[in-house]
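Hello, and welcome to my notebook.

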Amino acid sequence: MIGFENTIDLTFDDELIDFLSYYSNNNLKFIWLEDNLWLEGRQIELSEDNISSEIEHLTEFLKENKIFDGKYEVLYDCFCYKLEKLNRIETNELYIVDNRIVFDISIYNYPDLIKDENDDIIWDSSKRDFKYKNIIDEIRKARKKYQMKKGCSN
């Protein structure tokens with residue numbers, strides 16, 4: 001792609017987006033086990049070709065992995081969900097659009113588990129082998145290291 005030399009393009013890994021499309025009319029609970037966080041919501045829109053530029057802040061923690069050499073952005077698709085319930089406030093995941101509290105789910109910030117309205121597990125990321133999971137897992141680890149370092153410097 002011309003103009004995207006410094007971008008990691010995750011828009012071609014459709015497993016999660018296809019899965020979420022099937023449940024577009026359901027309230028779903030998204031669970032991040034390590035963070036002890038769950039958010040419940042109903043899908044409101046698909047947002048395509050989003051760009052995250054946080055890689056440039058994480059380069060110190062990603063330097064061991066050659067995939068990230070010279071890369072500064074991540075291009076990804078996501079579904080936006082209207083927040084219905086949550087177990088605790090997590091300002092990094094929530095934002096406001098048109099007077100609604102919203103959160104995004106994507107390959108870039110996938111949850112560990114997704115439960116349906118009956119509280120049955122319908123998605124378990126540990127049992128998935130989607131194409132770019134290794135890249136995102138490296139970014140997740142780097143984020144945690146960056147946040148710990150940033151927290152220690154304050």
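I began at G41, whose bridge partner in β4 is L83. The model is predicted, so I noted that local features need pLDDT of at least 70, side-chain atom pairs count only at pLDDT 80 or more, and totals for chains, interfaces and linings use all residues. Residues are numbered from 1 along each chain as its sequence is written, and side-chain values use heavy atoms, without hydrogens and water.

Next I followed the strands. For my labels, strands (E, at least two residues) and helices (H or I, at least four) are DSSP runs numbered from the N terminus; two strands pair if DSSP finds at least two bridges between them. I found β3 and β4 (residues 73–86) running antiparallel, joined by 11 bridges. β3 (residues 37–52) also pairs with β2 (residues 27–32), antiparallel over 6 bridges. There I saw L28 opposite G41 of β3. The β2–β3 hairpin has 4 residues between its strands, and N36 takes a positive phi near 50 degrees.

Then I turned to the largest pocket, with a volume of about 910 Å³. A pocket here is an open set of points on a 1 Å grid over the protein atoms alone, where a 1.4 Å probe fits, with protein on both sides within 12 Å along at least five of seven lines; lining residues have an atom within 4 Å of a point. The volume is the space filled by probe spheres set on the points, which are joined across faces, edges and corners. Of its 29 lining residues, D35, E93, N109, R143 and Q147 are the closest to the centre. α3 gives the most to this lining, 8 residues.
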